[in-house]
Amino acid sequence: MTVCVADTGLDSGDTNTMHVDLRGRVTGFQPYGGLIDGSDGYGHGTHAAGIVAGNAASGETDPDTGAFYGLGVASDANLFIERIFDENASEVSPAPADSDLTRDAVRHGAVIGSNSWGNDVQGEYDTDSAQFDELVRDADPSTPGDQPYILEFSAGNAGPGSE
């Protein structure tokens, strides 16, 4: 299965020099807004991708627990990376439409989209929420039929009752 991570990019942006925990499983990169590659100059996208698909191939373990460092929740998954934030974690300009992100992801084989970013709407259901609800049913409206797509958004740090 392929998971699309839309964030600040991934590692060096070069599949030949990818971190060992992800090497051989990155199917491609799509930079937006004038960015020229999929490299991660900020680190958040690499962190998010590791949580999704790291396979702990480095063999590093926590000395206290023996748990593997770098073991993600879907350690056999492939990754398609969409770079939508620059090296300062600022949204690219022009920002891609939500439908561009889902269309490009499914056209590159992704069935799940992982998004560790969002709007500071305090948990309110807004127009972005409604659009993503439509896109999970048909991620590529320009292609005949429905292209279902599972979208995950992290809760973030700004929900109701946050401090």
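Colleague: Is Ala56 buried or exposed?
Modeller: This is a predicted model. Ala56 sits in the loop between H1 and S3. Buried means under 20% relative accessible area. Ala56 has 8% relative accessibility, so Ala56 counts as buried.

Colleague: What is the phi of Ala56?
Modeller: Ala56 is a residue other than glycine, yet its phi is positive. The value is near 60 degrees.

Colleague: Which loop holds Ala89, and what is its relative accessible area?
Modeller: Ala89 also has a positive phi, near 65 degrees. Its place is in the loop between S3 and H2. Ala89 is partly exposed, with a relative accessible area of 30%.

Colleague: Where are the buried residues of H1 around its axis?
Modeller: Helix H1 covers residues 44-53, and its buried residues are Gly45, Ala48, Ala49, Val52 and Ala53. They span an arc of only 105 degrees around the axis, so they lie on the same side of H1.

Colleague: What covers the buried residues of H1?
Modeller: Val52 is one of these buried residues. Val52 is in contact with Ser114, and Ser114 is found in strand S4. The cover includes strands S1 (2-7), S3 (78-83) and S4 (110-115).

Colleague: Is Ser114 buried or exposed?
Modeller: Beyond its neighbours within four places in sequence, Ser114 is in contact with Val3, Cys4, Val5, Ala6, Val52 and Glu152. Its relative accessibility is 8%. That value makes Ser114 buried.

Colleague: Which elements do the buried residues of H2 pack against?
Modeller: Helix H2 spans 98-107. Its buried residues are Asp98, Leu101, Thr102, Asp104, Ala105 and Val106. They pack against S1, S2 (26-31), S3, S4, H3 and S5 (150-153).

Colleague: Which residue just after H2 takes a positive phi?
Modeller: The phi is about 90 degrees. The residue is Gly109.

Colleague: What is Ile84 in contact with?
Modeller: Ile84 is among the residues with the most contacts inside the largest nonpolar core. Neighbours within four places in sequence are left aside here. The contacts are Ala6, Asp7, Tyr32, Ser90, Glu91, Val92, Pro96, Leu101 and Trp117.

Colleague: How many residues are in the second, separate core?
Modeller: This core includes Ala49, Val52, Ala53 and Leu79. Of these, Ala49, Val52 and Ala53 are buried residues of H1. The second core has 13 residues.

Colleague: How much space lies in the largest cavity?
Modeller: Rolling a probe the size of a water molecule over the atoms shows where empty space is left. The count comes to one cavity of 30 Å³ or more. The space in the largest cavity is about 50 Å³.

Colleague: How many residues of its lining are nonpolar, polar and charged?
Modeller: The lining includes Cys4, Glu82, Leu101 and Tyr149. S1, H2 and S4 each supply at least two of its residues. The lining divides into six nonpolar, three polar and one charged.

Methods:
Residues numbered from 1 in each chain as written. Predicted model: local features only at pLDDT ≥ 70, side-chain atom pairs only at ≥ 80, totals over all residues. Heavy atoms only, no water. Buried < 20%, exposed > 50% of the residue type's maximum accessible area, 1.4 Å probe, protein only. Helix = DSSP H or I, 4+ residues; strand = E, 2+ residues; numbered from the N terminus. Arc of directions from axis to C-beta. Contact = heavy atoms within 4.5 Å. 1 Å grid on protein atoms, 1.4 Å probe; cavity = no way out; pocket = protein on both sides within 12 Å on 5 of 7 lines; lining within 4 Å. Points joined across faces, edges and corners; volume = space filled by probe spheres on them. Nonpolar A, V, L, I, M, F, W, Y, C, P; charged D, E, K, R; others polar. Core = buried A, V, L, I, M, F, W, Y, C linked by side-chain atoms within 4.5 Å.
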